[in-house]
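The structure is shown first.

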Amino acid sequence: MILSCQNIEKSFVTGEVIRHASFFIEEHEKAALIGVNGAGKSTLLKIITGEMRADSGQVTLARGMTLGYLAQQQDVDGDLSIYETVLAAKQDILDMERRLRQLESQMKKASGTELESLMDSYTRLTHTFELNNGYACQSEVTGVLKGLGFPEEDFSKPLSTLSGGQKTRVALGRLLLTKPDLLLLDEPTNHLDMQSIAWLETYLVNYGGAVLIVSHDRYFLDKVVTKVIELENGTATVFQGNYTDYSQKKAVIRRAAYHAWLNQQQEIRHQEEVIARLKSFNREKSIKRAESREKMLDKMEVLEKPQELRADMHLHLTPRVQSGRDVLSVRELSKSFGSHHLFAEQSFEIRRGERVAVIGNNGTGKTTLLKIITGLEPADSGSFSLGSRVQIGYYDQEHQVLHPEKTAFEEISDAYPAMTNTEIRNLLAAFLFTGDEVFKQVKNLSGGEQGRLSLAKLMLSEANFLILDEPTNHLDITSKEILEEALQEYTGTVLYVSHDRYFINQTATRILDLCNGTFVNYIGNYDYYLEKREALTLAYAPEKESEAVSEAPASSAQQDWKAQKEEQARKRKAENALKKAEARIAKLEQRDREIDEEFSRPETGTDLPRCQELSREKAEIAEALEKLYEEWEELAESAGQ
């Protein structure tokens, strides 16, 4: 056992957050700490690290074990570059290497017993250096930085020029390279794109130490953890398995607890009715029996009502009118920012009822695409058109559709003046804004609260085409599940950007992957995308070796999903024909060599009829090969070889 938490309790002015929380982490174990926003997850991590004191209880870290902590917000700054900052995690290796160079220099000038002593020190230090993988130190740093999404050209950037998300990635890279015995990670995937998250999954699964993760990324938790610690109503409950295992077990436990509570409530009501009836008889014997039952009720340990899955937060998205079959048509769309080219001459269509997820690495232009379609950003060239009766509802990850000076109440009342105060309060209560919270200004709301307010406005819009930019950011798992259910039941059309793979898997009917400046179409959810990614990326968005030899952008026909299928079939046909042509060429060339060998034999030279026959065959082969060579060139070009 590497970590033990026993009866941890913590309260703030606003109330009790953690009570009687107990659990332990074994060496090499990968565990998740989950719970709704405000359940006390980050507070518990700070108590474990000693950054915050518990009111009572005990945290014990095994003797000699090291602990590393990644908080959600990082205070990483200075004049050092990204590479220098992360390399500093290997300072002990760097010091050893520096000492080795010093010893090498001293050995050149030493002799006798001094040289023997230096050589002995050098041998021991070299052995330690090798054990600590010193020779691979710099390549390890480079691998981690690339894995976390930093291209090599960014390695020299100073920390002072980085965004908050980039600083968090730098801090994560530095922490991973220190390799503590226990890693505490608070939302490590928040600022990572899908490729970097997949890299981190693999890294943590193979990590030699133990890991305790706070995350709302269910796909990530499924891949990494083997134990889930749930914080609910201040108490910690441990479940073995990954997130899916936890979810299934929790559903069974929740149903059983609810039925137990319901049965007890029925029993209490029954006893109270019997007591009241006995007392109404006004007989001494009946009154004594009533008092006996009252004592029994007083001794009963009353069960708490199980916390429901946000039954008070309802999300019903209902279009006012049905759109036409064709919802969005994008034609030859291009966008660049200076020398940074996002995409060029891209075309695709979206039809009624589709739920299309746009995915891709950070900075590829996903949010820019949504802003172009909503009119917030102009395209460089190309066009798009909306179908008949299409009404857009837009959810912005930066919540620019909200006014920072307005209150939550004013956001709704100003946008929908026909609503009564009671209706507005009921709506906000459904999105967990109660009491005086409805009068908090938008600028004072947390990211999650702003997200819920934006969703509340979106629900009222009655749009039939929802455009959502990272809708699950800042939402806890329960809120994500509510949104997933709402989108699954929604009869309109959805286009959204998300890095949440579990959310995509649950909601998407189609995926557009923005890869190498090209939108590659996948007709399925995230699991389907993973299955087909390698083949379709190679076919439609191969990585360009250089600007000088880069191919022209894919045509609009390629980007239509039906055209893609036809193109794939055409390429397969061309590849098969190419193989057959190569086989025929090989066969004729082999026969041509055999004829040359036969000509070289003495007996053939004296056989005139045979020479004439071979000459005719050789001429026929030459003519056939000439045609086949031309055919091969055409097929090779058609097959993209």
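The model is predicted. In it, the charged end of Lys335 sits over the ring of Phe337, at 4.8 Å from the ring centre.

**Aromatic pairs**

A pair of aromatic rings is described by the distance of the centres and the angle of the planes. A search of the whole structure finds 15 aromatic pairs. Two of them involve Tyr246.

| Pair | Centre to centre | Angle between planes | Type |
|---|---|---|---|
| Phe239 and Tyr246 | 5.0 Å | 80° | edge-to-face |
| Tyr243 and Tyr246 | 5.5 Å | 50° | tilted |

Tyr243 and Tyr246 are three residues apart in helix H9 (residues 243-280), and so about one helical turn separates them. Residues under 20% relative accessible area count as buried. Phe239 is therefore buried, at 5% relative accessibility. Tyr246 is buried at 8%, and Tyr243 at 3%. Elsewhere, Tyr219, Tyr522, Tyr526 and Tyr529 form one aromatic cluster.

**The sheet**

Six strands make an open sheet in the order E5-E6-E7-E3-E8-E9, with mixed pairing. Strands E5 (67-70) and E9 (235-240) are at the edges; each has a single partner strand, so one side of each lacks a neighbour in the sheet. From one strand to the next, the twist averages 15°.

E5 pairs with E6 (residues 182-186) in the parallel sense, over four bridges. Within this pairing, Leu70 stands opposite Leu185 in E6. Helix H1 (residues 41-49) packs on the sheet, and its direction makes about 150° with that of E6. The strands touched by H1 include E3 (30-34) and E7 (210-214).

Notes
Residues numbered from 1 in each chain as written. Predicted model: local features only at pLDDT ≥ 70, side-chain atom pairs only at ≥ 80, totals over all residues. Heavy atoms only, no water. Pairing = 2+ DSSP bridges. Helix = DSSP H or I, 4+ residues; strand = E, 2+ residues; numbered from the N terminus. Axes fitted to C-alpha atoms, helices over the stretch in contact; angles between N-to-C directions. Contact = heavy atoms within 4.5 Å. Phe/Tyr/Trp six-rings, centres within 6.5 Å; stacked < 30°, edge-to-face > 60°. Buried < 20%, exposed > 50% of the residue type's maximum accessible area, 1.4 Å probe, protein only. Lys NZ or Arg CZ within 6 Å of the ring centre and 35° of its normal.
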